[in-house]
Amino acid sequence: MEVNNPLYKNQGIHVIASIFTVDHGIVKILLIKRNNNPFKDAWGLVGGALYNNEDLEVGLNREIKEKTGIENIPLKLVSVHGKVDRSPVMRMVAVSYLGVIDKDRVNLITKTLKTNDAAWIDIKEVENLELAYDHLEIINSTFEELKKQILRSNILATLFPNGFTMPEIQKAYEAILRTTLDRRNFRRKLLSLSLVEDTGEFVNFEGKKPAKLYRFKDNVEDINIF
């Protein structure tokens, strides 16, 4: 590498998070409305430019906290987006991450120095919004990765930190996969794979009789649910 070569200059890195939740059977993604140019007043994913003294996830966690107030989200690296013209300011390569959380357990800041709104948006409505950069492309690719991850890992554990009933977790799977699953087969499959475990507790679900409370086991990956 020739450090003085002008072709190496004026380049940067965006660190970006697609943070999903499931709200009453609806898959939603966290978006912020930008307060600065470029793309002022457009909606976009949470993230920003990486400082040259930061590791990737350190920078992304800083951006998430600064623009939403949310901290300590488990993040999974998904993809890299590097089209030369994806930013009108300078060459910016985007490193994309995936996160899943329970939106009711975080205090979302809706206005900061760099944003004038933040909201959980139905994933089906995202394509109708004016989005910054190539964020629609990033959202679509990350959502596809989420579909894959729920079939081979315990990534939804962060959506239910205190456990879940079988009807509750089935609704989450159906919302993300956009399909209807057979109740008996779904329950049998989860239990047979040792993906979840019985907590020994019971809770009321949707006002019905008490249902068993389950939780995801730790360090589960590379399984095949369906």
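His 135 sits in helix α2 (residues 135–150). The model is predicted: local features need pLDDT of at least 70, side-chain atom pairs count only at pLDDT 80 or more, and totals for chains, interfaces and linings use all residues. Residues are numbered from 1 along each chain as its sequence is written, and side-chain values use heavy atoms, leaving out hydrogens and water.

**Overall layout**

- The chain holds 4 helices and 8 strands. Both are DSSP runs, numbered from the N terminus: helices are H or I with at least four residues, strands are E with at least two.
- Along the sequence the order is β-β-β-α-β-β-β-α-α-α-β-β.
- The C-alpha atoms fill a box of roughly 65 × 40 × 30 Å along the principal axes.
- Of the 226 residues, 46% count as buried. Buried means under 20% relative accessible area, exposed over 50%, and partly exposed in between (1.4 Å probe, protein chains only).

**His 135**

- His 135 is buried, with a relative accessible area of 5%.
- Its side chain reaches the backbone nitrogen of Leu 45 at 2.9 Å.

**Backbone features**

- The peptide bond from Asn 37 to Pro 38 is cis, with omega near 0°. Pro 38 belongs to the loop between β2 (26–34) and β3 (43–49).
- Asn 10 is not a glycine, yet has a positive phi of about 60°. Asn 10 lies in the segment before β1 and is exposed, at 60% relative accessible area.
- Tyr 133 also has a positive phi, near 50°. Tyr 133 is in the loop between β6 (115–122) and α2. Tyr 133 is buried, with a relative accessible area of 17%.

**Surface patches**

- Patch residues have over 30% relative accessible area and no salt bridge; like charges are joined within 9 Å, and nonpolar side chains (Val, Leu, Ile, Met, Phe, Trp, Tyr) within 5 Å. A salt bridge puts a side-chain nitrogen of Lys or Arg within 4 Å of a carboxyl oxygen of Asp or Glu.
- Arg 183, Arg 184, Arg 187 and Arg 188 gather in a surface patch of positive charge. Arg 188 is part of helix α4 (residues 183–192).
- Met 1, Val 3 and Tyr 8 make a nonpolar surface patch of about 380 Å². Tyr 8 comes in the segment before β1 (11–23). Tyr 8 is partly exposed, with a relative accessible area of 39%.

Conventions
Areas by Shrake-Rupley, 256 points an atom, 1.4 Å probe, with all protein chains shown as cover. Lys, Arg positive; Asp, Glu negative; His and termini not counted. Charge placed at Lys NZ, Arg CZ, Asp CG, Glu CD. Polar contact = N/O pair within 3.5 Å; in protein donor to acceptor, adjacent residues only side chain to side chain.
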